[in-house]
Amino acid sequence: MSLRSVVLVAVGFAMAASCGLQSAQAIPPFLKEFQGKYTKPESEDPKDQEFAKLVNETTKCNVCHVKGKSKKERNAYGSELAKLLKKDNFKGDRLKAEPEKASAEIVAAFEEVAAKKTAGDDSPTFGELIVAFKLPGDFEPPKVADAPKPEPEPTPMPDSPAPAAESQPSGEADTAIAAVEQTGGTVMQLAQNDDSLVVDFHLGGTSLGDDGLAQVAKLPKVVQLNLKDTQITDAGLAHLAGLATLNKLHLEKTQVTDAGLEHLGGLANLEYLNLYGTAVTDAGLEHLKGLKNLRKLYVWQTQVTDEGIAKLKEALPEVTVVK
């Protein structure tokens, strides 16, 4: 066991004691995984040491929770993680039976939340704060009163040409957005100054079927699509074949199989693909070998084997596969 592992185990037990618990397994291991991903207590760099001390000795449970309040009270970072991680999925029996898979799920959530903005469009992401040795829960968005007032726009002269109107979604896109929202999904711009679209059915689209994906295919510039826990099948994925801008796709706990992955083979910009809890096997990975930009692939609780992963990495040496 490495020095870092020894330190983290010791810290885990200390944390359990500090929270009034009897063992490190008595609470979900979110803090332990945070320590393992973001702190370097064995580093000789003073900044690494200071940050590790801040997390491990000072902040502790309040990395995600609000100090002095009920553990049900989470800060902004903890609230975002809670949308992805359910405490009941990380009880002692499961942690003992599937430690690596449980760990991978938590780390995947960390990475997803790290990309989120802490407040408005001009705020840093949670990940940027952590890299700067700051805890996301300590971030306070600027007060509205402190924000600079915009300069008044000059009144155009009568003979001046009118400014060009901002681009608006087409009538077909408007209809598609309405259909997506009626099915329980959400459609949002990636940022205020970026009209790329993020489409999410995870929380409200459990009734989404294959026909619903036909509406998604009509939307312009979809870069992220979350279909976790929906009723889609291989046939539905055929509608995604034309989403050339798609770079992140969640298919966890869907009915997708190897045949469905064939429809993803042309998504040249795809960087992230999550197949957790599907019936995919090594044969399905063959369809992904042309995705040269793929960097993260999650295949835990599938039929994918180590041999299949090794063959995929021969074609895509830069991909990280979590099994």
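This is a predicted model: local features need pLDDT of at least 70, side-chain atom pairs count only at pLDDT 80 or more; totals for chains, interfaces and linings use all residues.
1. Sheet order. Seven strands form an open sheet. Their order is β1-β2-β3-β4-β5-β6-β7, and the pairing is mixed. Strands of a sheet pair through backbone hydrogen bonds, either parallel or antiparallel.

2. Sheet edges. Which strands stand at the edges? They are β1 (186–191) and β7. Each has a single partner strand, so one side of each lacks a neighbour in the sheet. On average, neighbouring strands of this sheet are turned by 15° against each other, direction ignored.

3. The β4/β5 pair. Strand β4 spans residues 248–250 and strand β5 residues 272–274. The two run parallel and are joined by three bridges. Histidine 250 has asparagine 274 of β5 opposite.

4. Helix α6 over the sheet. Helix α6 (residues 99–114) lies across β4, β5, β6 and β7. Its direction is about 140° to that of β6.

5. Helix α13, buried side. Which residues of α13 (residues 306–315) are buried? They are Gly308, Ile309 and Leu312. These residues are on the same side of α13, because they cover an arc of only 100° around the axis. Their packing partners are α12 (282–285), β6 (296–298) and β7 (320–322).

6. Helix α13, other face. What does the face turned away from the buried side carry? Asp306, Glu307 and Glu314 are found there, and these residues are exposed.

Terms used
Residues are numbered from 1 along each chain as its sequence is written. Side-chain values use heavy atoms; hydrogens and water are left out. Buried means under 20% relative accessible area, exposed over 50%, partly exposed in between (1.4 Å probe, protein chains only). Helices (H or I, at least four residues) and strands (E, at least two) are DSSP runs, numbered from the N terminus. The arc is that of the directions from the helix axis to the C-beta atoms. Contact means heavy atoms within 4.5 Å. Two strands pair if DSSP finds at least two bridges between them. Axes are lines fitted to C-alpha atoms, for helices over the stretch in contact, and angles run from 0 to 180 degrees between N-to-C directions.
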